[in-house]
Amino acid sequence: MPWQSLAADPSTIARYEAKVYRGGPTDCHWWLGAISDSGHGKLRAGSRPAGTSRVVSAHVLGWAIRHGTDALRGGAVVIRHICDETSCQNPEHWMAGDRLQNILDFQARRNLSGHALADVRGAAGRAVAVRDAILAAAPGREADAIAAALAAGHPSGDHQDALW
């Protein structure tokens, strides 16, 4: 993947930025574009006329834009969400790691009552619900819409704060 050229392309950066909803600096920054079956944001980066067009995971592109591409070389690195919200685009909620650690994190937390990974809709359903709630919310009411969308994934009413 040509991460360096994609992360430096002004039109790609503008498309990426236009699809991120930012609450507070420590909050998750939610993806408002296409969402994959795994709940990760997807974006067409690059240029079709130039032949550089690729569909990429938004958080990996965001990592490359914010942190550079050195960690992505070799392909063995995954960008992990320490908040466990797969559509989160807050660079402070990401860390580079390996696939095994990402799997172990998931297994350790997926059954915690009220946790993001225990959402009854799954990661994609949760990401879509939050995205759609933000897009439908009245201006200034996005935080309430996000809270309601997150709570709907836990019919028991349980809530688990972020572990990080």
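Visitor: Accessible areas come from the Shrake-Rupley method with a 1.4 Å probe. What does the accessible surface of the protein come to?

Guide: This is a predicted model, and in it the accessible surface of the protein comes to about 8600 Å², with 55% of that surface belonging to carbon and sulfur atoms.

Visitor: And what share of the residues is buried?

Guide: Of the 164 residues in the protein, 41% are buried, where buried means having under 20% relative accessible area.

Visitor: How many helices and strands does the protein have?

Guide: There are six helices and seven strands, and if you follow the chain from the N terminus the elements come in the order α-α-β-β-β-β-β-α-β-β-α-α-α. Taking the contacts between residues at least 6 apart in sequence, 57% join residues that are at least 24 apart.

Visitor: Let's look at H3. Is it mostly covered or mostly open?

Guide: Helix H3, which spans residues 58-67, is mostly covered, since seven of its ten residues count as buried. Those buried residues are Ala58, His59, Val60, Leu61, Gly62, Trp63 and Ala64.

Visitor: What comes just after H3?

Guide: Just after H3 you reach Gly68, a residue that takes a positive phi of about 90 degrees.

Visitor: How do H2 and H3 pack?

Guide: Helix H2, made of residues 10-18, packs with H3 at an angle of about 125 degrees, and their axes are 11 Å apart. The two helices are therefore oblique to each other, and H2 passes H3 in a left-handed crossing.

Visitor: Which residues meet there?

Guide: On the H2 side they are Thr12, Ile13 and Tyr16, and these meet Ala58, Leu61, Gly62 and Ile65 in H3. Sorted by class, this contact has five nonpolar and two polar residues, and no charged ones.

Visitor: What about H5 and H6, at what angle do their axes cross?

Guide: The axes of H5 (residues 122-136) and H6 (residues 142-151) cross at roughly 155 degrees and come within 8 Å. That makes H5 roughly antiparallel to H6, because angles over 145 degrees count that way. The crossing in which H5 passes H6 is right-handed.

Visitor: Which residues of H5 and H6 meet?

Guide: From H5 come Arg126, Ala129, Val130, Ala133 and Ile134, and they meet Glu142, Ala145, Ile146, Ala149 and Leu150 in H6. The residues of this contact divide into eight nonpolar and two charged, with no polar ones.

Visitor: Changing topic, where is Ser87, and is it buried or exposed?

Guide: Ser87 sits in the loop between strand S6 (77-81) and strand S7 (94-98), and it counts as buried because its relative accessibility is 2%. Setting aside residues up to four places away in sequence, Ser87 touches His29, Trp30, Trp31, Gly39 and Ala127.

Visitor: What phi does Asp84 have?

Guide: Asp84 is not a glycine, yet it has a positive phi of about 65 degrees. Most residues other than glycine have a negative phi. Asp84 is found in the loop between S6 and S7, and with 11% relative accessibility it counts as buried.

Visitor: Now Arg80, where does that lie, and why does it count as buried?

Guide: Arg80 lies in strand S6, and it counts as buried because its relative accessible area is 9%, which is under the 20% cut-off. Leaving out neighbours within four places in sequence, Arg80 is in contact with several residues, including His93, Trp94, Met95, Asp98 and Asp105.

Visitor: Is Arg44 buried or partly exposed?

Guide: Arg44, in strand S4 (residues 41-45), is partly exposed at 35% relative accessibility. Apart from neighbours within four places in sequence, Arg44 is in contact with Arg15, Ser53, Arg54 and Val55. Arg44 and Val56 are twelve residues apart in sequence, while their C-alpha atoms are 6.3 Å apart in space.

Visitor: Last one: where does Ser47 lie?

Guide: Ser47 lies in the loop between S4 and strand S5 (54-57), and with a relative accessible area of 25% it is partly exposed. Leaving aside neighbours within four places in sequence, Ser47 is in contact with Thr52 and Ser53. Ser47 and Ser11 are 36 residues apart along the chain, and their C-alpha atoms are separated by 8.5 Å.

How values were computed: Residues are numbered from 1 along each chain as its sequence is written. This is a predicted model: local features need pLDDT of at least 70, side-chain atom pairs count only at pLDDT 80 or more; totals for chains, interfaces and linings use all residues. Side-chain values use heavy atoms; hydrogens and water are left out. Buried means under 20% relative accessible area, exposed over 50%, partly exposed in between (1.4 Å probe, protein chains only). Helices (H or I, at least four residues) and strands (E, at least two) are DSSP runs, numbered from the N terminus. Axes are lines fitted to C-alpha atoms, for helices over the stretch in contact, and angles run from 0 to 180 degrees between N-to-C directions. Angles under 35 degrees count as roughly parallel, over 145 as roughly antiparallel, 65 to 115 as roughly perpendicular and the rest as oblique. A crossing is left-handed if the near helix is turned anticlockwise from the far one by less than a right angle, and right-handed if clockwise. Contact means heavy atoms within 4.5 Å. Ala, Val, Leu, Ile, Met, Phe, Trp, Tyr, Cys and Pro count as nonpolar, Asp, Glu, Lys and Arg as charged, and the others, Gly among them, as polar.
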